[in-house]
Amino acid sequence: MSEARRNFIEGVRAEVPLLIGVFPFGMIYGALALNAGLSNAAAQMMSSIVFAGSAQFITAQLVHDNTPALVIILTITVVNLRHMLYSASLAPYLKDLSLRWKVLLSYLLTDEAYAPSILHYEKEGLQTHKHWFLLGAGFSLWFNWQVSTAIGIFLGAAIPESWSLDFALPLTFIAMVVPVLKKQPMIAAALSAGFTAILAYNLPFKLGLILAALVGIAVGTILEGRK
Amino acid sequence: MNIWLVMIIGGLITFGMRFSLIYLFGRLEIPETMRKALHYVPPAVLSAIIIPELLIRDGVLDVSLGNTRLLAGIVAIITAWFSRSTLLTILVGMAALFVLQWLG
């Protein structure tokens, strides 16, 4: 087996435990996006155009709430800013690659592809065919996400509207946010954002969402700095 | 609102951020404050969505026992706190909403 292929398979293998967790998530996304009012095609294509789980869930919710396009785009940007950290952290291992490889691997750079790859790179150091590992992890996740979205859309179409499935979106967000509320600044960030969102609810263009997010981020950062 | 335009621009921005420092390696560093601030993005954005979703019904603040989504949301928050499971939180929260709507 060639060195490149061996690295690719290693990447896929490292991704498998994550794929098991991501699959139901993709299905939930597909079903909920449909329920939030996206067409089958839009729900499916978002999984390859945006290809970022939490941003996709949030977009579905905001479309459901008739949020203006610019506010949705701003929110996607804020939510996905963390990818710059992954980009910075992987950059030294990818610096000698061609532009085409950098573009491909950047497109595939999600939370779930980043996590096993950086662990692997930090352990193994710089080697010639290392980018194939990231390709294996990233591509298997991408494939898994497309298929699980499609199954979710298929199943979601069968769920009657009277089931209030739109409520599953905020429930998904509760499941994402509650486990990270461990330290004081995190709790303060969440509470201040929630409180601001209520106070600023009637701002035009749903700008209250952006304002609330910024207040929460600022409160958390300032409180952490004071410790 | 055009969902396709939102997806394409949102996708391009997301790609741009993923590509940014891989492309600019050595020429740009992420400031420490921004690194810190990024930790607070998920709880801030998600809470800014969740709280109005639970507390505001039809455009008005509704903190009463008649607000079934608020009660079901509290059940879900408790479930998430103890189980740390996404699937269980969704299932219990939806079940709570069904029961409360049925009772109401």
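Two residues are in contact here if their C-beta atoms, placed from the backbone, lie within 7 Å. The views below show a predicted model.

**View 1. Helix α9 of chain A and its packing partners.** α9(A) is mostly covered, with nine of its ten residues buried. The buried set runs A:Ala168, A:Leu169, A:Pro170, A:Leu171, A:Thr172, A:Phe173, A:Ile174, A:Ala175 and A:Val177. Within chain A, these buried residues pack against α1 (3–35), α3 and α10. From chain B, α3 (41–55), α4 (68–83) and α5 (86–103) also pack against them.

**View 2. The contact between chain A and chain B.** Chain A gives 71 residues to this contact, and chain B gives 60 residues. On the side of chain A, eight elements are labelled as giving two or more residues: α2 (40–49), α3 (53–64), α4 (69–80), α5 (83–94), α6 (99–107), α9 (168–177), α10 (184–199) and α11 (207–226). The chain A residues that touch chain B divide into 53 nonpolar, 14 polar and four charged.

**View 3. The two domains of chain A.** Domain 1 of chain A spans 3–161, and domain 2 of chain A spans 181–226, according to the domain assignment. Their centres, taken over C-alpha atoms, are separated by 26 Å.

**View 4. Where domain 1 of chain A meets domain 2 of chain A.** Six residues come from domain 1 of chain A and six residues from domain 2 of chain A. On the domain 1 side, the touching residues divide into four nonpolar and two polar. No charged residue belongs to that side.

Methods:
Residues are numbered from 1 along each chain as its sequence is written. Chains are lettered from A and ligands numbered from 1 in the order in which they are written. This is a predicted model: local features need pLDDT of at least 70, side-chain atom pairs count only at pLDDT 80 or more; totals for chains, interfaces and linings use all residues. Domain bounds come from an automatic or database domain assignment. Ala, Val, Leu, Ile, Met, Phe, Trp, Tyr, Cys and Pro count as nonpolar, Asp, Glu, Lys and Arg as charged, and the others, Gly among them, as polar. Helices (H or I, at least four residues) and strands (E, at least two) are DSSP runs, numbered from the N terminus. A residue is buried if 20 or more other C-beta atoms lie within 10 Å of its own, exposed if 12 or fewer, and partly exposed in between; C-beta atoms are placed from the backbone.
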